[in-house]
Amino acid sequence: MRRFGELVGVAIAGLTARKIRTFLIMLGPVLGVAAIVSAIGINESSKGDLKAKLRELGTDLIVANAQDAIGGFGSDPKIPAEAADRVARLPDVTSVTGTLQLSNIVTLPFEAAYDYYRAFPVPVIATHLNLPETMDVPMVSGRFLNEYDEASAARVAVIGKDLAEEYGYIANEQRSIQVGGLDYGVVGVLDYVLLEPSMDSAVFLTFANAVEDWDVDEPDPTRLYIRAPTNTRYVAQEVPTVVSLGGPDGANTRVPTDLLDAQSQVDENLNNLTMLMGGLALIVGGVGIANVMSISVIQRSSEIGIRRALGHSRGTIAMQFLVEALVVGVLGGILGAGAGAGVVWLVSEMRDYTMILSVSGLFRWGLVSVAVAVVAGLYPSTKAARLEPLETLRLG
Amino acid sequence: MAESLLTLEGVSRTYGQEVLVHALREVSLDIRAGEFLSIVGPSGSGKSTMLGLLGVLDLPTSGVISIRGTDVTKLPDAERSRLRGSAIGFVFQQFHLVPHLTGLGNVETALLYRGLSRRERRERSMAALEQVGLDHRHDHRPIQMSGGEQQRVAIARAIVTEPDVVLADEPTGALDTQNAANVMEIFAGLCSPERAICVVTHDREVADAADRRISMRDGRIVADDRLGGVT
């Protein structure tokens, strides 16, 4: 270890004695590593917002829409309540909520606003009671629909956050809205549902309301929201079968985050291209190191000769030059990684990206720089070791 | 009789492959502790070849070179280098200081890779510089020193390892008379009962300072004269 310390000391003395040359041979690794690190970093960071959003949403929500079993949209397809129960019993499924959107109902904040609001229909959705859990969305104020509401078919409603703002609803205010001419008491406001933005301006009722007030024959949903934290994709494939079981009812499923997920994937081609360019810069840098160090060996031949005379073996001389290359590679790697990280930070600031930079990536590319420099140093150092001291010292 | 430090036995050195140049032919020489010897001879007489072989920087084509009885011609490079570093100190005509190192740094170079701490290296190097009267110049670079001073740094570098033999190649060749006298005085002071000094020169005055003179011609020793009373 002490010997390695001495080698590093000699290398640093040799490198600092020729600062410009050292700077120039370090440029190769610095530029190569900086190019690779910044290209990858910028590429990742430009998708950073999407990735952050995905993390927030989770990618385990499945939406199943009713359709008839032969795949078309026959009249009034439904998912029978018992089919929804079957889905809920699947091992990977943690939560299922069925909904039914009621049509042709005009919802108003108050009677006199009919003309205005007729033009902007508000979705009215009959839902199971566990919608907030399945969608993983909290209440802004008040409460969600509960068993008592369901059992008594009480005329109470929960509204989405956008609708609450639209109607000028004040938190926990005692107030009603008109749903198709009937007064419903507002008991709570649901927060934004990122995976289903249409719910933000919706009115939620119980299935009991749907049957009692809106002529719905059976409390069967047309859509299921399914949480399956494990094997999400597998569950999405299985749900149509589980729903239909050979009967007339069917369903198709989708995972709404799939599109987002695809968008958030880093462009592999672009990445490969930039890595190729950075790799080329590194190789050119390595050739530069080999070249300049070979010349340096000739210029320093008398130093090499005297070191041999002082008892340094050929191996030690080779190590000395190899360690010089190593120091160049390490410093080049550190500076390059730092510069690359700086560029990523700068671009992220300017473009408002969420900066993503993997520390292991910095480390890995820094190591590549070290490897390139050491390989580049092999030739000059063997050349140095092979010098005959007698020829370099010009005796007598 | 004093201990044998460095011995050549029937040593020949030939250069070239097709046209052979016999730089040294069947030379035998025994350098003993306490000796101050000079090797003299005209250009091409084999002095430099002899110095290279004595310093184990070169290997003979045939014959045996031993340091304190160890045959160095059979050793691998690492061993031979270690032995060279510990047994022999070099002083060159052109000083051969490393230009980017300070005086102290140059002296310290001789103590590298010996398992010494930085502090030990500095202390011993400073002591060696003190011995040649240059401790006050330890942080100057060679370019800031006169030729005489550079040669004294080189001498400090040669003796800091406490070698058995100090080999000097025309140590005063690049110096003016005053500095040359100064350097020779230091050499005379380096002589001790445990150490030998060997100076290769064609300067008569330098050769006369020695107490044993080896004269060479055409790759052979033609005379081995004892000048002083010391043996």
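Predicted model: local features only at pLDDT ≥ 70, side-chain atom pairs only at ≥ 80, totals over all residues.
Two strands are said to pair if DSSP finds at least two bridges between them.

Let us begin with strand 1 of chain B, residues 4-15. Strand 1 and strand 4 (residues 62-67) of chain B pair in the antiparallel sense, and 5 bridges hold that pairing. One residue pair to locate on the screen is B:Leu8, which stands opposite B:Ile65 in strand 4 of chain B. Strand 1 of chain B also pairs with strand 2 of chain B, again in the antiparallel sense, over 8 bridges. Here B:Thr14 has B:His22 in strand 2 of chain B as its bridge partner.

B:Ile67 stands opposite B:Thr70 in strand 5 of chain B. Strand 4 and strand 5 of chain B form a hairpin, with 2 residues between them. In that turn, B:Arg68 has a positive phi of about 45°.

In what order do the 4 strands of this open sheet of chain B stand? The order is 2-1-4-5, and the pairing is antiparallel. Strand 2 (21-32) and strand 5 of chain B are at the edges, each with a single partner strand, so one side of each is left without a neighbour in the sheet.

The bridge partner of B:Val91 is B:Ala168 in strand 7 of chain B.

I turn now to chain A. Chain A is divided into domain 1 (2-47 + 266-393) and domain 2 (60-263). The C-alpha centres of domain 1 and domain 2 of chain A lie 61 Å apart.

The remainder of my talk concerns helices. Two packed helices are described by the angle between their axes and the distance between the axes.

Consider helix 2 (residues 19-46) and helix 15 (residues 359-386) of chain A. They pack at an angle of about 155°, and their axes are 10 Å apart. Angles over 145 degrees count as roughly antiparallel, which makes helix 2 of chain A roughly antiparallel to helix 15 of chain A. The crossing of helix 2 and helix 15 of chain A is right-handed. On the side of helix 2 of chain A, the contact is made by A:Pro29, A:Val33, A:Ile36, A:Val37 and A:Ile40; helix 15 of chain A contributes A:Leu362, A:Trp365 and A:Ser369. Of the residues in this contact of helix 2 with helix 15 of chain A, 7 are nonpolar, 1 is polar and none is charged.

Helix 15 of chain A also meets helix 12 of chain A, residues 268-299. Their axes come within 8 Å and cross at roughly 30°. Helix 12 of chain A is therefore roughly parallel to helix 15 of chain A. Helix 12 of chain A passes helix 15 of chain A in a right-handed crossing. Among the residues of this contact are A:Leu282, A:Gly286 and A:Ile289 of helix 12 of chain A, with A:Trp365, A:Ser369 and A:Val372 of helix 15 of chain A. By class, the contact of helix 12 with helix 15 of chain A has 15 nonpolar, 3 polar and 1 charged residues.

Finally, how do helix 4 and helix 10 of chain A pack? Helix 4 (residues 81-88) and helix 10 (residues 232-244) of chain A pack at about 140°, with their axes 8 Å apart. These two helices of chain A are therefore oblique to each other. A:Ala83, A:Arg86 and A:Val87 in helix 4 of chain A meet A:Val239, A:Val242 and A:Val243 in helix 10 of chain A. This contact of helix 4 with helix 10 of chain A has 5 nonpolar, no polar and 1 charged residues.

Thank you for your attention.

Key:
Residues numbered from 1 in each chain as written. Chains lettered and ligands numbered in written order. Heavy atoms only, no water. Axes fitted to C-alpha atoms, helices over the stretch in contact; angles between N-to-C directions. Parallel < 35°, antiparallel > 145°, perpendicular 65-115°, else oblique. Left-handed = near helix turned anticlockwise from the far one by under 90°. Contact = heavy atoms within 4.5 Å. Nonpolar A, V, L, I, M, F, W, Y, C, P; charged D, E, K, R; others polar. Domains from an automatic or database assignment.
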